[in-house]
Amino acid sequence: MNHHVDSEVGHLGTVLLHRPGAELARLTPRNNDSLLFDGIPWVGRAQEEHDTFATALREHGVEVLYVAGLLTETLAIPEARSAVTATVLADFRLGDTLRHHVARHLADLDPPALATTLTAGLSQAELRTGSGLVHALMNRAEFIIDPLPNLLFTRDSSVWIGDEAAVTSLAMRARRRETTLTHAIYRYHPRFAGTPLLFEPTMEHLEGGDVLLLAPGVIAVGVGERTRPSGAERLARRCFERGLAHTVLAVPIAQERATMHLDTVCTMVDVDAVVMYPNVADSLQAWTVTAGPDPEAPLSVSGPEPFIVAAAKAMRIDTLRIIDTGLDPVTAEREQWDDGNNTLAVAPRLCVAYERNVETNAQLERNGIEVIRIPGSELGSGRGGPRCMSAPIARASLSAAAGAGR
Ligand SMILES: NC(=[NH2+])NCCC[C@H](N)C(=O)O
């Protein structure tokens with residue numbers, strides 16, 4: 001099976017999605033902030049919206065894989081099952097007595113039920129038997145295993161570069177456990193076992209929403225709230241060592257919720273065009289990182305210079321075209337917040353976007369980009385759009401198309 005991604009826009013072959021489920025029903029006004037949601041989504045409607053997204057992708061010939069299905073199949077493998085449950089049981093907050101009860105509870109679950117518990121979490125009330133001090137001092141609604149509502153945003157927990165999978169290192173506490181699931185899938189699932197892992201969750205912080213494959217061999221990495229400079233450095237070194245890239249652009253972004261990832265302000269819609277939030281278009285800078293002269297100095301760093309200039313140079317094109325999010329700054333700010341810039345390219349000049357971002361979508365169409373509109377009123381409450389909700393596993397190679405090779 002051909003798993004390979006070398007751009008943001010090559011015809012999408014296979015994508016990993018997570019259909020939201022019981023984990024979204026865990027959100028309350030008391031925990032939504034710490035679980036990184038801005039509201040309390042209506043779960044049934046979020047599922048309908050997500051199904052519309054998946055159907056639109058399938059109608060364009062895309063193979064849709066779901067985390068729940070892959071995880072269930074993975075958990076049927078004893079080694080994978082014990083690796084994943086060990087990460088849950090390692091939680092310090094449990095203490096030995098409760099840990100023992102949780103281990104017994106998990107051991108009784110079949111793979112589908114275990115997959116559900118690992119994503120939706122486990123409350124004190126749901127644990128069949130419990131005892132000990134930690135259990136006694138918990139209230140019934142408290143989580144023994146925290147839910148993972150942000151699993152919806154599959155973009156962040158793994159990224160394919162070439163034919164390698166990078167399992168990322170998530171910065172926010174509420175999301176860390178997501179990568180234990182993606183890690184297990186890529187290590188043990190028969191479809192993926194043997195895939196080289198370019199990055200591991202034990203490394204410096206790096207999130208997929210910050211990683212943009214601008215062209216074969218050229219990667220932009222947003223550096224801000226989530227991805228740290230050290231994470232970008234580690235990714236650059238590993239990509240150079242493995243011949244997966246010749247240039248990495250480190251792009252500082254404001255450490256704010258609205259711009260938590262680079263893909264919240266900029267996504268690619270054509271081989272030489274991005275849709276970009278106008279309020280940052282002029283100020284976005286990039287540091288250019290290339291392989292250094294010798295092992296003592298593995299990286300060369302230069303810059304900063306305007307992102308679009310650095311990107312065009314690295315991509316060896318004259319200009320990187322910028323399509324902005326509508327002209328008036330208030331509309332632009334509203335639509336950026338609602339993930340207007342967060343499009344998923346299905347092919348060059350064909351992208352999926354939330355229908356609510358009326359101005360941005362009209363701008364895209366005026367610039368020759370076809371827009372597949374999907375509803376996102378409930379999905380968007382987690383602050384993520386079509387790109388955040390998808391992890392491409394296979395795209396038609398642009399380097400093959402250009403005859404460039406690597
Ligand atoms: N690639 C992205 N922009 N992902 C959006 C993730 C949103 C999620 N609620 C978080 O705060 O982490």
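**Close-up views of a predicted model**

View 1. A backbone N or O atom of Gly382 lies 2.7 Å from a nitrogen atom of the ligand, a polar contact in the sense of a pair of N or O atoms within 3.5 Å. The protein covers 100% of the 340 Å² of accessible area that the ligand has on its own, as given by the Shrake-Rupley method with a 1.4 Å probe. For Asp263, a polar side-chain atom is found 2.8 Å from a nitrogen atom of the ligand, and for Asp156 an N or O atom of the side chain is 2.9 Å from a ligand nitrogen atom. This is a predicted model, in which local features need pLDDT of at least 70 and side-chain atom pairs count only at pLDDT 80 or more, while totals for chains, interfaces and linings use all residues. Residues are numbered from 1 along each chain as its sequence is written, and side-chain values use heavy atoms, with hydrogens and water left out.

**View 2. The shell around the ligand.** Among the 15 residues around the ligand, those that come nearest are Asn150, Arg226, Asp263, Gly382 and Cys388, where a residue counts as near if one of its heavy atoms lies within 4 Å. The shell divides into 4 nonpolar, 5 polar and 6 charged residues, with Gly counted as polar and Cys as nonpolar.

**View 3. Ile219 and its contacts.** Leaving aside neighbours within four places in sequence, Ile219 is in contact (heavy atoms within 4.5 Å) with residues including Ile161, Val211, Cys239 and Leu249.

**View 4. The two domains.** The domain assignment, which is automatic or from a database, gives domain 1 (12-70 + 148-396) and domain 2 (71-145). Their C-alpha centres lie 31 Å apart, and 19 residues of domain 1 are in contact with 21 residues of domain 2.

Definitions and conventions: A polar contact is a pair of N or O atoms within 3.5 Å; within protein, one must be able to donate a hydrogen and the other to accept it, and residues adjacent in sequence count only if both atoms are side-chain atoms.
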